[in-house]
Amino acid sequence: MKLLFIVLTAFSFSFTLAKEVSQGKPKTKKSYQRPYGMAGCGLGSIVIPRQGSQIFAGTTNATSYSQLFGITSGTSNCVDDSSSEVASKMDNYIQGNKSQFIGDAAKGNGETIIALSEVMGCSESSKLGRALKANYQNLFLEENTNIVTDNIITLIQNDDQLSQQCKLTI
């Protein structure tokens with residue numbers, strides 16, 4: 001009787017496991033977020049959060065020389081992943097073209113979206129434009145360019161088509 005119970009339990013467990021594998025587990029959402037704000041890495045990024053005053057974070061970095069030390073030693077949030085260089089280029093582009101980009105993102109097309117898709121290495125700017133338009137409210141929750149960029153990267157990472165078409169690494 002015990003043997004029959006063990007066999008039935010094992011069969012039930014293997015059937016449940018096979019069903020989960022065949023259906024595919026729900027994809028967990030990725031979230032891209034740099035550990036520092038616009039002032040960059042260094043002691044200021046540890047003491048003052050991303051949403052805090054970046055003027056004070058930059059002043060802290062400059063007066064303590066922690067940014068230079070952090071960059072050379074790889075400490076104080078100065079260790080970047082492979083997509084950080086693309087994120088930095090996106091920050092510069094979005095900041096320089098902010099009002100035009102916001103309008104184009106709301107429409108889902110325009111010159112700034114085409115140019116941004118080139119910065120991100122996307123093969124089709126039209127798909128990026130449609131995704132920006134569909135997720136407009138979630139992308140532009142804050143004025144901070146770094147957060148907008150991080151939201152766009154998160155959107156791309158969580159979209160199957162865009163994640164294959166855009167190269168967020170250099």
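User: What does the secondary structure come to?
Analyst: The protein has 11 helices and 0 strands. Keep in mind that the model is predicted. Along the sequence the pattern reads α-α-α-α-α-α-α-α-α-α-α.

User: How much of the protein counts as buried?
Analyst: Of its 170 residues, 35% count as buried.

User: And the contacts, what share join residues at least 24 apart?
Analyst: That share is 59%, among contacts between residues at least 6 apart in sequence.

User: Let's pick Ile 152. What does it touch?
Analyst: Ile 152 touches Met 90, Ile 94, Phe 101, Leu 116, Met 120, Leu 132 and Leu 139. That leaves out residues up to four places away in sequence.

User: Where do H5 and H10 meet?
Analyst: On the H5 side, the residues are Ala 87, Met 90, Asp 91, Ile 94 and Gln 95. They meet Thr 145, Asn 146, Thr 149, Ile 152 and Ile 153 in H10. By class, the residues of this contact are 5 nonpolar, 4 polar and 1 charged.

User: At what angle do H5 and H10 cross?
Analyst: Roughly 120 degrees, and their axes come within 9 Å. Angles from 65 to 115 count as roughly perpendicular, and only those over 145 as roughly antiparallel. So H5 and H10 are oblique to each other.

User: Is that crossing left-handed or right-handed?
Analyst: H5 passes H10 in a right-handed crossing.

User: New pair. How do H6 and H7 pack?
Analyst: Their angle is about 100 degrees, with the axes 8 Å apart. H6 and H7 are therefore roughly perpendicular to each other.

User: Which residues meet there?
Analyst: H6 brings Gln 100, Phe 101, Asp 104 and Ala 105. H7 brings Glu 111, Thr 112, Ile 113 and Leu 116.

User: What's the split by class for H6 with H7?
Analyst: The contact has 4 nonpolar, 2 polar and 2 charged residues.

Methods:
Residues are numbered from 1 along each chain as its sequence is written. This is a predicted model: local features need pLDDT of at least 70, side-chain atom pairs count only at pLDDT 80 or more; totals for chains, interfaces and linings use all residues. Side-chain values use heavy atoms; hydrogens and water are left out. Contact means heavy atoms within 4.5 Å. Axes are lines fitted to C-alpha atoms, for helices over the stretch in contact, and angles run from 0 to 180 degrees between N-to-C directions. Helices (H or I, at least four residues) and strands (E, at least two) are DSSP runs, numbered from the N terminus. Angles under 35 degrees count as roughly parallel, over 145 as roughly antiparallel, 65 to 115 as roughly perpendicular and the rest as oblique. A crossing is left-handed if the near helix is turned anticlockwise from the far one by less than a right angle, and right-handed if clockwise. Ala, Val, Leu, Ile, Met, Phe, Trp, Tyr, Cys and Pro count as nonpolar, Asp, Glu, Lys and Arg as charged, and the others, Gly among them, as polar. Buried means under 20% relative accessible area, exposed over 50%, partly exposed in between (1.4 Å probe, protein chains only).
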